[in-house]
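Thank you for asking me to look through this structure. My notes follow as numbered points, for a reader who is meeting the structure for the first time.

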Amino acid sequence: MAKSQVSMTVNGKKVEELVEPRTLLIHFLREQLRLTGPHIGCDTSHCGACTVDLDGKSVKSCTVFAVQANGADIRTIEGMANADGTLHALQEGFREMHGLQCGFCTPGMIVRAYRMLQENSNPTEEEIRFGISGNLCRCTGYQNIVKAIQYAAAKLSGVPFQEAAE
Amino acid sequence: MIPGAFAYHRPSSVKEAVGLLSQFGDDARAIAGGHSLIPMMKLRLAAPGHLVDLAGVADLKGIREDSRDIVIGATTTQHELIGSDLLAKKIPILRETSLLIADPQVRYVGTLGGNVANGDPGNDMPAVMMCLNATYHAVGKSGERRIAAREFYQGAYFTALEPGEIVTAIRIPVPAAGHGHAYEKLKRKIGDYATAAAAVVLTMSGGKVASCSIGLTNVAETPLWAEEAARILTGSTLDAASVKKAVAAAEAITSPASDARGPATYRTKMAGVMLARALANAKARAGA
Amino acid sequence: MSDQTPTSAERAEKLQGMGCKRKRVEDVRFVQGKGTYIDDLKLPGMLYGDFTRSSHAHARVKKIDTTKAAAVPGVVAVITAETLKTVNLAWMPTLAGDVQMVLADGKVLFQNQEIAFVIAEDRYTAADAAELVEVEYEALPVNVDPLKAMAKDAPVIREDIKDKTEGAHGKRNHYNHVFNWQAGNKAATDAAFAKADVTINEFIVYPRVHPCPLETCQCVASFDKVTSELTLYGTFQAPHVIRTVGSLISKIPEHKIHVIAPDIGGGFGNKVGAYSGYICSIVASIVTGRPVKWTEDRIENLSTTAFARDFHMQTEIACTKDGKVTGLRCYTIADHGAFDACANASKWPAGLFSIITGSYDFPAAHVSVDGVYTNKAPGGVAYRCSFRVTEAAYAIERAMDIMAQKLKMDPVEFRMKNLIRREQFPYTSATGWQYDSGDYHTAMTKAVETVNYKKLREEQKARQAAFKRGETRELMGIGVAFFTEIVGAGPSRNCDILGIAMFDSAEIRIHPTGTGICRLGTKSQGQGHETTYAQIIATELGLPADSISVEEGNTDTAPYGLGTYGSRSTPVSGAATAMACRKIKAKAQMIAAYMLEVHDDDLEWDVDRFRVKGNPERFKTMTELAWAAYHEVPPGMEPGLEAVNYYDPPNFTFPFGAYICVVDVDVDTGTTKIRRFYALDDCGTRINPMIIEGQVHGGLTEAFGIAMGQEIHYDDDGNVTTASLMDYFLPTAVETPHWETDWTTTPSPHHPIGAKGVGESPNVGGVPCFSNAVNDAFGFLGSTHIQMPHDNWRTWTAADKLGLHQ
């Protein structure tokens with residue numbers, strides 16, 4: 001099948017590449033742009049490890065063709081750090097609260113949490129769990145992921161973080 | 001994991017989209033959010049040679065009031081439905097149902113048109129549309145027509161759409177102010193298709209049911225409009241005996257698949273349980 | 001001393017050694033998406049491999065036509081069993097002493113079995129070509145019921161060994177029989193049952209499930225034709241074993257094979273063994289002279305790589321009328337699928353299943369396990385547990401509850417009466433295991449008091465009465481589990497993998513400027529080894545944990561080890577780490593004595609330094625001693641400061657725990673809500689409490705998935721119906737309960753730092769706790785045993801059978 005050209009902005013950088021129409025966005029990002037942060041964990045769009053932020057939406061990049069994302073503004077985990085190079089509050093929170101173990105779900109989880117906090121800057125625990133229900137984790141049992149997101153929410157709002165008592 | 005090859009088209013008008021679908025016939029599929037079609041293509045259960053992407057057709061967007069109806073563009077996403085103050089106020093069952101579909105990522109991208117038009121018995125919106133007596137605007141080679149949701153579903157993945165036709169909008173008559181609503185969905189886990197689900201919209205008057213409409217999800221090859229069950233309840237106080245009769249009438253029209261969600265007998269029973277709970281919730285939300 | 005001199009306590013805190021919640025080193029790269037997982041690798045000239053798989057569960061393969069596939073532009077080669085036969089690799093040995101087809105050789109024995117391997121320039125082309133391989137099948141009768149496997153006219157699964165009456169583990173009684181294995185004392189057990197006051201006998205099934213780590217199995221094989229050296233990157237929990245096995249079967253000399261396991265996205269046992277994909281990639285690389293990458297998708301992972309459990313256990317307990325257990329008997333049918341690819345230590349075809357007497361003082365016990373072949377995927381593995389320990393723990397914890405119910409005794413009271421007492425340790429069980437240490441009654445008491453168990457039982461009684469009066473349609477259940485796990489495989493007298501003893505290793509080198517590197521034979525897949533091993537070293541050597549880098553997974557540089565699974569890293573390599581440290585410390589002490597001009601015995605250790613007894617201002621820190629080791633050592637001493645230790649553990653370790661959970665079952669839908677889950681774990685010395693807590697959360701979540709919905713299910717035609725994440729239950733953050741964790745600390749007396757390992761305990765104890773809770777909800781209505789998983793429809797069906805839906 002003849003290739004077509006796509007251009008999009010990825011982590012603030014303009015890119016132009018040739019793709020087959022059937023090239024999945026996740027493969028485009030990982031193989032052509034060498035952004036290996038987003039991962040592939042399933043083949044039925046359930047696990048969320050491939051989540052990126054596309055035009056202000058959390059999207060499973062394994063279920064989008066690169067051609068559909070033509071002209072889009074995309075952010076992956078590689079684009080999450082602050083402008084001055086320091087870690088985003090979420091990246092910091094995941095480390096502080098032990099919100100990761102093998103690290104495979106982490107990029108998708110952080111990018112999803114980012115959009116969630118943009119839309120709801122002070123979520124309850126229930127809202128957080130519902131908000132990450134499209135991201136599976138096999139290692140952590142989610143409890144410390146919730147804490148990591150709460151940590152980040154507090155930091156982004158400029159309030160002190162109070163870790164919930166057990 | 002890897003779909004077959006196809007040619008990609010991105011029309012900017014309904015006319016152009018319909019033209020492409022007619023041109024390529026059976027070998028073409030329309031794609032909106034793609035979160036039903038693309039997973040099927042990745043498993044190679046669907047292998048269209050042409051994809052017609054509706055994302056660039058501006059006319060398919062928007063939520064507007066039109067006299068006593070609300071008209072929702074077919075490529076309105078679940079996320080947009082959830083965020084619509086107009087819908088939250090006028091047709092709250094839509095938001096309730098939308099939040100029970102899939103997960104946040106899918107809801108950002110999945111469309112109402114996709115959910116109602118592809119004939120997947122597992123989708124949640126079709127039963128709700130039947131319950132609300134919605135009408136689908138469809139445009140094809142021969143122009144525009146309107147199809148009642150209650151007449152739209154003919155079999156699993158088999159609808160009243162002609163080849164080359166697409167649903168462009170969904171028209172819903174606004175339920176009476178003070179109506180009660182509920183969408184009760186039993187599922188194995190969040191985001192799953194329904195083991196069984198029931199949509200109820202009703203109005204009460206003087207403690208009695210003045211009007212009642214019931215839809216059932218994923219307990220047959222198509223969504224079901226439980227007309228007889230609703231008729232039984234109309235005029236009742238939703239007393240235990242009437243509810244029991246209505247539940248029996250609803251169970252009687254189900255023919256669910258046996259799958260990992262449970263055997264058919266269980267799913268039929270769950271349709272009844274979901275209906276009973278939806279009725280109780282709808283009543284609680286209704287004005288007197 | 002001035003006021004600014006740090007105290008011992010302050011110096012200890014700075015080290016970030018054992019016992020503190022040191023933040024993880026590995027997180028820095030993972031939160032930035034900078035981990036290196038196999039699919040991140042791209043080597044120059046790399047090709048991609050993909051499989052054509054069988055649609056049939058059991059069939060002769062009459063013909064394989066690869067012409068169309070080979071003709072697709074971009075396809076470099078298509079490999080079948082015929083190709084592999086030329087290098088004697090059409091079949092490979094399994095870790096369990098069986099042989100397994102790498103590619104279909106005349107027959108396919110389970111759905112999705114590998115038939116052909118397509119190698120192409122890119123993965124999309126490989127996928128297209130894999131669809132074009134044409135296979136002609138002749139369907140054969142299918143059997144997926146292990147209870148029917150040894151029937152007289154059962155379909156022959158393994159024609160290759162049909163007439164062999166001896167297998168790797170002894171006599172075979174039937175052509176579908178794999179082994180019979182027994183432990184304990186049959187005569188004594190039968191006698192106990194013969195004169196027992198009360199007995200129970202229950203058929204308890206632990207269904208087939210799958211570890212399902214988020215990253216599937218994958219590899220990149222790169223054979224250099226010029227040097228004849230193979231570099232194999234892969235998702236390997238045991239990289240050295242892969243190297244040795246790889247050498248034995250490929251005949252490439254072991255020193256010319258370089259195995260590298262980089263970051264691994266979860267293992268849970270799934271990534272211990274060797275799969276067809278690895279072998280085919282190696283052969284493909286040899287044939288093409290280019291690197292070959294193979295990555296399986298999720299459906300392939302769930303339906304063909306090693307499953308777990310599938311144990312069908314007829315379980316009996318004999319008891320006195322006042323509740324003292326006198327005997328335990330268990331006859332098990334173990335379904336191994338089409339090939340016994342079980343990853344056990346080689347003398348143990350049923351793993352450590354004989355731990356089944358659990359935490360209780362059984363005077364007599366006997367277990368017998370028959371492994372059988374069926375038309376299912378081969379295996380199995382220990383999914384987040386020690387070998388077959390979850391199966392054993394599930395059987396004993398369910399059986400104890402069933403007996404308690406029959407005796408009309410409270411399940412906690414019944415357990416307290418039979419738990420091994422503290423003074424009985426080290427305790428030798430009726431099946432021959434010597435448990436190292438335990439204080440079970442203290443743990444059980446702490447658990448019971450913390451959750452206010454008595455009050456919960458009172459609440460339950462009230463709710464049961466309300467249910468009977470028709471006031472509620474919810475049933476409250478309380479689940480109790482007290483498990484003992486056997487981990488840390490293992491002592492060489494007991495444990496070997498294909499002949500290699502199951503020791504493990506640590507090699508530590510301290511640099512002149514006082515920082516260092518530690519390499520080990522284990523391999524983390526998320527357990528935080530880069531963080532925790534450094535903590536052990538920090539405490540042992542008095543160097544900050546941040547000064548020690550930890551490496552695993554490269555077989556060229558890491559000392560030989562048997563890898564990470566079965567919670568063995570801390571018990572074995574953790575011990576090796578401590579022992580290597582002590583060699584270094586002993587040398588450092590001699591250097592210090594030399595520098596301070598005193599005798600070795602005149603020195604004492606104080607956190608990070610040797611100081612002269614009675615004269616503490618005279619000291620040498622480990623950092624100073626490191627420099628000295630390279631600068632000026634005592635005459636006759638070798639320079640340098642390093643040590644390696646290969647640790648052959650004298651025994652297993654026996655972590656234990658007390659778990660209590662509360663559930664509310666909606667009788668009309670069968671839905672179970674987990675109201676509360678309390679887990680008390682005793683893993684001996686606790687190296688990093690934060691990491692322990694994370695491991696417990698994760699293990700409990702996997703247990704929750706297993707108990708409440710996971711199943712690898714086959715229909716009667718051998719179609720696997722639960723092979724994708726649509727149907728294989730992985731809980732999201734919404735379903736997953738909140739976990740309360742607690743602990744007691746009973747060090748292991750034989751372990752250098754007293755640590756036992758913890759990663760898998762929560763899966764071992766969690767599953768029976770959930771299952772006991774659901775069963776307990778229905779117990780008062782006369783139900784004795786409801787099989788797992790406790791998904792909605794099964795629970796509803798149990799309620800229906802009890803007449804609760806009239």
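**Notes on the chains and their interfaces**

1. In chain C, residues 24 or more positions apart account for 80% of the contacts that have a separation of 6 or more. Please keep in mind throughout that this is a predicted model.

2. Still with chain C, buried residues make up 67% of its 806 residues, and the C-alpha trace spans about 85 × 75 × 50 Å along its principal axes.

3. The secondary structure of chain C amounts to 19 helices and 35 strands. Its radius of gyration is 28 Å, close to the 28 Å that the globule rule gives for 806 residues, so chain C is as compact as a globular protein of that length.

4. Turning to the interface of chain C and chain A, 58 residues of chain C are in contact with 49 residues of chain A. The area buried between these two chains is about 4500 Å², and carbon and sulfur atoms give 53% of that area. Val31(C), Tyr124(C) and Leu214(C) supply 18% of the area that chain C buries against chain A, which is more than any other three residues supply.

5. Across the interface of chain C and chain A there are five salt bridges, and one of the salt bridges joins Arg138(A) to Glu702(C), with the closest N and O atoms 3.5 Å apart. There are also 26 residue pairs in polar contact across the interface of chain C and chain A, counting pairs with both residues at pLDDT 80 or more.

6. Which helices of chain C each supply at least two residues of the side that touches chain A? They are H2 (27-30), H5 (123-132), H9 (298-304) and H17 (689-708), and the largest share, nine residues, comes from H17(C). By class, this side of chain C has 26 nonpolar, 17 polar and 15 charged residues.

7. The contact between chain A and chain B takes 32 residues from chain A and 32 residues from chain B. The area buried between them is about 2600 Å², of which carbon and sulfur atoms give 67%.

8. Across the interface of chain A and chain B there is one salt bridge, in which the side chains of Lys60(A) and Asp103(B) meet at 2.5 Å, N to O. Six residue pairs, both residues at pLDDT 80 or more, are in polar contact across the interface of chain A and chain B.

9. On the side of chain A that touches chain B, strand S4 (57-60), helix H3 (106-119) and helix H4 (125-131) each supply at least two residues, and the largest share, four residues, comes from S4(A). This side of chain A has 12 nonpolar, 13 polar and seven charged residues.

Terms used:
Residues are numbered from 1 along each chain as its sequence is written. Chains are lettered from A and ligands numbered from 1 in the order in which they are written. This is a predicted model: local features need pLDDT of at least 70, side-chain atom pairs count only at pLDDT 80 or more; totals for chains, interfaces and linings use all residues. Side-chain values use heavy atoms; hydrogens and water are left out. Contact means heavy atoms within 4.5 Å. Buried area is the accessible area (1.4 Å probe) that two parts lose on being put together, summed over both. A salt bridge is a side-chain nitrogen of Lys or Arg within 4 Å of a carboxyl oxygen of Asp or Glu. A polar contact is a pair of N or O atoms within 3.5 Å; within protein, one must be able to donate a hydrogen and the other to accept it, and residues adjacent in sequence count only if both atoms are side-chain atoms. Ala, Val, Leu, Ile, Met, Phe, Trp, Tyr, Cys and Pro count as nonpolar, Asp, Glu, Lys and Arg as charged, and the others, Gly among them, as polar. The radius of gyration is taken over C-alpha atoms; the globule rule is 2.2 Å times the number of residues to the power 0.38. Buried means under 20% relative accessible area, exposed over 50%, partly exposed in between (1.4 Å probe, protein chains only).
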